[in-house]
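Hi,

Here is the structure I promised to pass on.

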Amino acid sequence: MNTKLKMAIVGAGIWGENHAKIYQAHPFADVVAVCDMNYERAKAMAAKLGIEKAYSDCDEMLRDCDCDAVAIVTPDFAHADLAVTAANHKKHVLIEKPLATTREDVFRIVEAVEKNGVRCMVDLHNRWSPPFNAAYEALKRGDLGDLYSAYFRLNDVKWVATDMLPWAAKSSILWFLGSHSLDTLRWFFHDEVKRVYCVSRDGILKAKGVDTVDEYLTTIEFKNGGIAQMENGWITPNANPCVNDIKCNLLGTKGMIAIDASNHNMIQQYTEDKVTVPDVIVSNSIFGNPKGFAFESIKGFVDCVLSGKEFPVTMYDAANTSLAILAIMESAKTRMPVEVQY
């Protein structure tokens, strides 16, 4: 491996630009190419950030450019073919969550990565979130005894589905936020999901022209007996000071942890029209450098590839999270409990 990890990026949207800025700010990484189906967008991002090469075809990029790893920063349903292509080119892969959105695609990616002997991480960045990481360390120390039950609420404002994501109707809040929620719960319980029961509701977003489910409420049973309730929706009013509404309670046999990561109370900005809570935790910048836990996970991919250390969230973590979410979706449709098939 070279001293600097040479990264190629697939996806020239807002988050693709963030990836590029993170690698450029990392002392041991660089961006050598960017690819997007819209070549003009790829070319514009390359010119803006000083990236040498732009492409409209991933396979062509990987044949032509000298990269070590590929970041796949596309809509969630478009991950699988790109990940398999990158693995077949013997490139390490960082995939924005989730790993994939069908059972077949989950196993296609896992097989390609294993067959080609490359490494793969999915950006389930809540493991890098300071309050959640502190809770995990408390659980590891045994401060709470055995984790008995949990509640996790992670919702978005309507704007995310109506304006931020042009592909929201092709996805689900379970993929967009539920993957973070479920990965965190699996991490806390140190266990796999056995059975799920979910109810859902729709109508608010469909009335706004976005054909997707509004929210899911899911009861989760883990293999070793732990139970959890998980709430995911994207119909929180747009006036909510934060894009995310995120709360978590963990109940152990000897103690409890309560997390409210929506309202950190460190800074509020007021005008005559609105209250804003600036993001100083998730993805912000200090003197132009990318900071925040959503960026630390991406930096962590570079660090682990270069050092050979295990990723804090493995490809198999991400695979099992996706398989459990597919069971949640099936349960929401049938209104019956569903066993997770691994």
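Keep in mind that this is a predicted model.

Which residues of α6 are buried? They are Phe132, Ala135, Tyr136, Ala138 and Leu139. Those residues cover an arc of only 160° around the axis, which means that they sit on the same side of α6. On the face turned away from the buried side, α6 carries the exposed residues Lys140 and Arg141.

Just after α6 comes Gly142, with a positive phi of about 85°.

α6 also turns up in the second largest pocket, where α6, β7 and α8 each supply at least two residues of the lining. The volume of this pocket is about 290 Å³. It is lined by 15 residues, and the closest to the centre are Asp146, Leu147, Phe188, Phe189 and His190. If you sort the lining of the second largest pocket by class, you get seven nonpolar, five polar and three charged residues.

Then there are a few backbone spots to look at. In general, most residues other than glycine have a negative phi, and most peptide bonds are trans. Here is what I'd click on:

- Lys97 to Pro98: this peptide bond is cis, with omega near -5°. Pro98 lies in the loop between β5 (92-96) and α5 (103-116).
- Lys90: phi is positive, about 65°, although Lys90 is not a glycine. You'll find Lys90 in the loop between α4 (79-88) and β5.
- Arg335: another residue other than glycine with a positive phi, near 55°. Arg335 belongs to the loop between α11 (315-334) and β17 (338-339).

Is Arg335 buried, exposed or partly exposed? Its relative accessibility is 38%, so Arg335 counts as partly exposed.

Cheers

Key. Residues numbered from 1 in each chain as written. Predicted model: local features only at pLDDT ≥ 70, side-chain atom pairs only at ≥ 80, totals over all residues. Heavy atoms only, no water. Buried < 20%, exposed > 50% of the residue type's maximum accessible area, 1.4 Å probe, protein only. Helix = DSSP H or I, 4+ residues; strand = E, 2+ residues; numbered from the N terminus. Arc of directions from axis to C-beta. 1 Å grid on protein atoms, 1.4 Å probe; cavity = no way out; pocket = protein on both sides within 12 Å on 5 of 7 lines; lining within 4 Å. Points joined across faces, edges and corners; volume = space filled by probe spheres on them. Nonpolar A, V, L, I, M, F, W, Y, C, P; charged D, E, K, R; others polar.
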